[in-house]
Amino acid sequence: CYQRGSYEGVPGCLGGEVDGSGTDYCVVRPPVAVDDDESKGAAENSRPINSPSSSSSTTTQEPPTHPRDLFLLSGQSNMVGHTTSAESMTGSADYWNTIKSILDSAAAASGGNLTSMEEQLYNAIYEANDNNGEANEYNDQVATTLTNGVMDLYKSGLLNDLDTPLQFGKCSFQAASDSKVYDVSLGTVPISTTSKCGHSFGHELLFARTMELGSSMNYTTRDFELHKVARGGSGLYEHWYPNHGMHWNLLRSAIEERRGQQGEWKGFI
């Protein structure tokens, strides 16, 4: 076998340039007709590079690796994720730190009193919205809805050990501006609350944890990457529309550069 990448030709073989699967295989290139005196040399030259000759010892080949599944995340500030930045709910990390403290305390108590936990979450969410200047008549509805959502996630096991990086889920984040593209995450990194695939995280955190830790998903033994290209306050036509938007080329290159050897695109959010 020859360890080939997607769309990579195999020396001495045909077909690899049009095959994106990454499968190790070889269709031997037919030898050019030669005189009898040269037939031995031609036969030797028709062998793929690195293939064993009849006199060489057999070596153990590693099984082919599957390409990483890729998911593209793009949008505005909600996709960027302002959990601890000045643009977060409370203008700082205070809101997130309060929520996380409640979750960590419950985990330390092995579940503890879920009624007390639910009350603490409701009060924290209600207070954050109230201090943010939201109309009072909606605060109860917002706090109730978000509390129920957090409790459901907690009971499903998706909010345990949030600071522990995932084993298979990776993320990367490119933030666009008028003059520059910022590699916020500094490449592809394992997903956790401190991965800096947002400020300091966004939708990628629970999306990835659901994929890797959710019992019905198929990503418990396979690498996947959530690549985020986003800008707060951006507009679809002005910034992202094909062949017109300011960041269209950035979005397109992000897709093309990861296609093939780096992985296979599976979805877009």
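The model is a predicted one, so to speak of local features takes pLDDT of at least 70 and side-chain atom pairs count only at pLDDT 80 or more, while totals for chains, interfaces and linings use all residues. Residues are numbered from 1 along each chain as its sequence is written, and side-chain values use heavy atoms, with hydrogens and water left out.

Buried residues account for 37% of the 269 in the chain; buried means under 20% relative accessible area, exposed over 50%, and partly exposed in between (1.4 Å probe, protein chains only). The secondary structure runs to 8 helices and 8 strands, taken as DSSP runs numbered from the N terminus (helices: H or I, at least four residues; strands: E, at least two). As for contacts (heavy atoms within 4.5 Å), 58% of those between residues at least 6 apart in sequence join residues at least 24 apart.

On to the cores, each a set of buried Ala, Val, Leu, Ile, Met, Phe, Trp, Tyr and Cys residues joined through side-chain atoms within 4.5 Å. The largest has 37 residues, and Ile 99, Leu 103, Met 117, Phe 224 and Leu 226 touch the most other members. Elements that each supply at least two of its residues include strand 3 (68-75), helix 4 (114-131), helix 5 (136-155) and strand 7 (224-230). Helix 3 gives the largest share, 6 residues. A second, separate core holds 8 residues, among them Trp 240 and Trp 248. Beyond its neighbours within four places in sequence, Phe 224 is in contact with residues including Phe 71, Phe 168, Ala 208, Met 211 and Tyr 219.

Just after helix 3, Ser 110 adopts a positive phi of about 55°.

The whole structure contains 1 disulfide, the term covering cysteine sulfur atoms within 2.5 Å. Cys 171 and Cys 197 form it, with sulfur atoms 2.0 Å apart. Cys 171 lies in strand 4 and Cys 197 in the loop between strand 6 and helix 6, so the pair ties together parts 26 residues apart in sequence. Both cysteines are buried.
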